[in-house]
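Please read the following note beside the sequence and the model.

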Amino acid sequence: MRTFLFLLEKEFKQILRNRIILAMIIALPTIQLAILPHAATYEIRHINLAVVDADHSTLSAELTAKLNASRYFNLVSDGTSYEDALELVEDGKAHLILEIPPHFEKDLRLASKAGLMIAVDAVDGTMGSIGSSYLNQILQSFTAGLVARGEIAYPEAAGPQARIQVIPQYRYNTQLDYKTYMVPGILVMLLTLVGGILAALNIVSEKEQGTLEQINVSPVPKQSYLLAKVIPFWIIGLLTLAIGLLIARFLYGIVPAGSLLTLYTFAAVYVVAFTGFGLLISVAAKTQQQSMFIAFFFLLIFFLMGGLFTPISSMPYWAQVITWFNPTAYLIDVVRLIVMKGSGFADLVPQFFCILGFAVVFNVWAIFGYDKTA
Amino acid sequence: MPSSIAIHQISKHFAVGKTGRVQALHPLSLDIEEGEIFGLLGPDGAGKTTLFRILTTLLLPDGGTATVGGYDIRKDLKKIRESVGYMPGRFSLYQDLSVEENLRFFATLFNTTLEAHYDFIKDIYTHIEPFKKRKAGNLSGGMKQKLALCCALIHKPRILFLDEPTTGVDPVSRKEFWDMLKRLRADGMTILASTPYMDEAELCDRIGLIQNGRFIGCNTPEQLRAEFTVPLRAVRATEMSRLLRDLRDYRYCRSCYAFGEFHHISLNPGFSDEDLAGYLQRLHFSQLEIHPLAPTIEDCFMALMQKGGADA
């Protein structure tokens with residue numbers, strides 16, 4: 001026990017003397033949380049829209065004004081020809097073209113039916129598809145408004161479904177604010193980086209310095225040596241999470257809806273899993289360069305396939321199967337549920353056992369993989 | 001005297017690439033007595049470090065048996081680790097911990113304290129004690145060596161393994177270092193040290209010459225020199241590099257190497273001093289100096305290595 005405490009003391013001394021690591025532990029959560037949620041937003045605004053109005057009627061003017069008033073669109077031109085608008089798209093100045101044909105108002109009033117053409121620049125696919133669906137919504141509400149005011153007759157052909165109005169109600173994130181969605185994910189990323197990368201580099205650096213050999217010729221059991229390596233990163237990881245939560249609160253006003261205890265229980269097990277993962281890399285690699293590269297390879301996969309940026313449910317089935325083996329995916333899910341939805345531990349038992357499983361597997365594997373006699 | 005280290009037919013190979021194979025140690029046997037300083041001499045890649053790693057339980061041999069302090073290297077790993085001190089060739093202490101912290105750390109690893117064995121390492125530790133608050137990474141080469149020795153000795157081992165302990169250390173520190181080893185031997189410690197310096201080899205009780213994983217000679221320095229019966233001459237002149245070439249072309253030349261200011265030439269039967277002097281005078285060497293020479297360990301080593309090379 002005395003040896004173990006001494007091993008632990010030595011690890012802490014070394015970490016505390018490493019100024020860059022110390023600075024990173026504070027800077028990492030602060031900078032990532034201050035910058036990334038803004039950058040990783042899916043809300044698409046300021047779509048440049050070129051309106052080609054060939055009708056020049058009161059109705060076409062009303063439609064143009066309605067589009068202009070929307071916060072989604074910037075009107076970059078109106079009234080010119082389709083060719084002029086296309087030129088704007090080619091120059092990258094417009095993303096969408098709405099062409100209002102001649103006789104638009106007349107057709108609509110007399111036949112309750114008029115054509116509009118939407119052309120979409122699909123180079124940026126997300127912006128194109130989301131932009132055209134926004135445009136469709138506005139057009140529908142425009143025609144619905146006209147019907148309501150009795151200005152045009154209800155189109156018979158449209159059938160009953162046109163009368164059904166859908167009013168979505170967004171639960172747990174009423175404003176559909178992407179920051180509320182991103183911040184929990186970034187907290188998980190922080191935990192993973194601290195646990196995974198720092199631990200992965202640690203034993204390898206002792207290998208490179210040759211100090212590991214000195215430990216190996218001593219009677220110290222490998223379990224206590226590895227445990228003394230895990231505990232400091234575990235504490236640092238949980239500290240980083242605390243800093244992260246404070247920043248989330250003061251910068252974005254995000255206060256976890258669920259209990260902090262549940263959140264910390266999960267984080268604690270998760271960091272154990274990831275330090276175990278880091279140790280495993282560290283045992284396998286011969287140099288810091290190797291371990292860094294292996295760690296990056298896995299972390300990228302863990303993040304991109306963990307639902308941090310894109311929902312797992314929209315991935316192809318085979319990719320979803322891969323995410324079952326991704327501990328990060330479980331924690332991102334759990335942290336979002338706790339922070340946004342206020343889920344309690346009872347709701348999260350399956351995820352808990354999955355993360356616990358990873359913690360056991362990685363650490364046991366690391367202990368067996370680390371052989372004092374080569 | 002009981003043997004402190006008993007090696008019997010130990011062998012080890014390493015795989016190189018997919019199909020390649022290097023025999024680092026051919027079946028090798030050796031007995032080292034208690035309280036003996038045994039020097040292991042050999043060129044780089046001869047297998048010295050491999051042997052050290054096997055004896056300190058860092059590596060398992062392919063075949064053969066060995067005991068260290070009476071403990072089997074395969075079965076009693078823990079016992080061996082408790083009773084030996086190992087100082088690897090490369091400085092491998094924590095550079096970011098201070099001198100004192102390193103010592104205390106290694107003391108704790110072996111379940112002891114700096115205070116408990118302070119007297120044992122005092123002689124060496126007093127050299128570095130003034131710098132005990134300094135980080136190990138900021139010490140000079142000689143100081144690092146002394147610290148490493150202190151760390152290897154902190155648990156009062158019965159057997160000490162030193163893998164090239166003085167490589168890269170200045171001559172004064174090297175001398176001090178060997179004086180310390182002599183004092184440790186006086187306390188009954190067994191020391192196995194490898195060294196590339198021939199002058200250090202003379203300080204050992206016995207030396208083993210190792211080449212390509214085989215012992216090519218193993219004896220006391222005196223005996224090794226006594227076994228060297230071939231006539232040996234030291235030769236000097238102006239134009240030393242031409243002299244070396246011409247000496248090697250001399251018809252009775254067995255081998256010739258540059259040894260500092262002189263070339264050492266060992267000679268085959270039929271040679272006479274007059275014949276050699278005449279040969280060199282005909283080649284117009286000026287300020288020629290030839291005198292008989294008592295063999296050094298290096299001469300023995302060179303001769304044995306050449307023989308080993310011819311046998312292989």
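**Notes on the model**

1. Chain A averages a pLDDT of 83, and 91% of its residues score at least 70.

2. This is a predicted model, in which local features need pLDDT of at least 70 and side-chain atom pairs count only at pLDDT 80 or more, while totals for chains, interfaces and linings use all residues. Residues are numbered from 1 along each chain as its sequence is written, and chains are lettered from A and ligands numbered from 1 in the order in which they are written.

3. Between the chains, 20 residues of chain A are in contact with 23 residues of chain B, a contact being a pair of residues whose C-beta atoms, placed from the backbone, lie within 7 Å. On the side of chain A that touches chain B, two or more residues come from each of helix 1 (2–17) and helix 8 (211–216) of chain A, and helix 1 of chain A supplies the largest share, 7 residues.

4. Within chain A, the axes of helix 1 and helix 9 (residues 222–252) come within 9 Å and cross at roughly 40 degrees, with axes taken as lines fitted to C-alpha atoms, for helices over the stretch in contact, and angles running from 0 to 180 degrees between N-to-C directions. Helix 1 of chain A is therefore oblique to helix 9 of chain A (under 35 degrees counts as roughly parallel, over 145 as roughly antiparallel, 65 to 115 as roughly perpendicular and the rest as oblique). Residues of helix 1 of chain A in this contact include A:Phe4, A:Leu8 and A:Phe12, and those of helix 9 of chain A include A:Tyr225 and A:Ile231.

5. In chain B, an open sheet of 4 strands has the order 12-13-11-14 with antiparallel pairing, two strands being paired if DSSP finds at least two bridges between them. Its edge strands are strand 12 (253–259) and strand 14 (289–292) of chain B, and strand 12 of chain B pairs with strand 13 (residues 262–267) of chain B over 6 bridges.

6. One stretch calls for caution: over residues 159–163 of chain A the pLDDT is below 50, and beyond near neighbours in sequence this stretch has 0 contacts in the model. Where pLDDT is low, the predicted coordinates should not be read in detail.

Terms used: Contact = placed C-beta atoms within 7 Å. pLDDT = per-residue confidence, 0-100.
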